[in-house]
Amino acid sequence: MTKIVLKGVFQITTWNESAYAEHDNNNKQTIAEITQTYSGDINGSAQIRYVMSYQNGETAVFVGMEHLTINTPEISGTIVLQHNGVFSQGVAQSQFNVIADSGTDNLKQFIGHGEFTSTENGQADYLITLHHD
């Protein structure tokens, strides 16, 4: 089995979010379209769509799909990540899985999982574990 662990930081470069439902109790649902650049073990970029639900204007839960382009000395290609995250007290966290059969080029046979935790200034620390038999 081949296993690759990738760590580093991503930087949000664009964030466009619009509400599709707003409620009297300050709750709302939105769609966010995001682009990011990756550094560290990944030299790459991503396009993401999150569906978000805000409660009391302070916390949110989100799900989404991320199309990630990876370039490393060992691997290159794209994968799709399925996110399940929470935003609370100014920090966003997500657990995600690599969608099977979403890979291209050197990533065709890879599956995996990962997580991120936001830090400051639109950045987050990521950890992605990829593997194939």
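Reply: On a 1 Å grid over the protein atoms alone, a pocket is an open set of points where a 1.4 Å probe fits, with protein on both sides within 12 Å along at least five of seven lines, and lining residues have an atom within 4 Å of a point. Grid points are joined across faces, edges and corners, and a volume is the space filled by probe spheres set on the points. This is a predicted model, in which local features need pLDDT of at least 70 and side-chain atom pairs count only at pLDDT 80 or more, while totals for chains, interfaces and linings use all residues. Residues are numbered from 1 along each chain as its sequence is written, and side-chain values use heavy atoms, with hydrogens and water left out.

Me: How much space lies in the largest pocket, and which residues are the closest to its centre?
Reply: The space in the largest pocket comes to about 310 Å³. Of the 20 residues that line the largest pocket, the closest to its centre are I12, W15, F87, A92 and S118.

Me: How do the residues of the lining of the largest pocket divide?
Reply: Ala, Val, Leu, Ile, Met, Phe, Trp, Tyr, Cys and Pro count as nonpolar, Asp, Glu, Lys and Arg as charged, and the others, Gly among them, as polar. On that basis the lining of the largest pocket holds 12 nonpolar, 7 polar and 1 charged.

Me: What kind of pair do the rings of F10 and F116 form?
Reply: Rings of Phe, Tyr and Trp (its six-membered ring) pair if their centres lie within 6.5 Å, and planes under 30 degrees apart count as stacked, over 60 as edge-to-face and the rest as tilted. A search of the whole structure finds 4 aromatic pairs. The rings of F10 and Y38, with centres 5.4 Å apart and planes at 45 degrees, are therefore tilted. For F10 and F116 the centres are 5.2 Å apart and the planes at 80 degrees, so the pair is edge-to-face.

Me: Are F10 and F116 buried or exposed?
Reply: Buried means under 20% relative accessible area, exposed over 50%, and partly exposed in between (1.4 Å probe, protein chains only). By these limits both F10 and F116 are buried.

Me: Which residue forms a salt bridge with E33?
Reply: A salt bridge is a side-chain nitrogen of Lys or Arg within 4 Å of a carboxyl oxygen of Asp or Glu, and a search of the whole structure finds 1. E33, at 39% relative accessibility, counts as partly exposed. With the closest N and O atoms 3.9 Å apart, the partner of E33 is R49.
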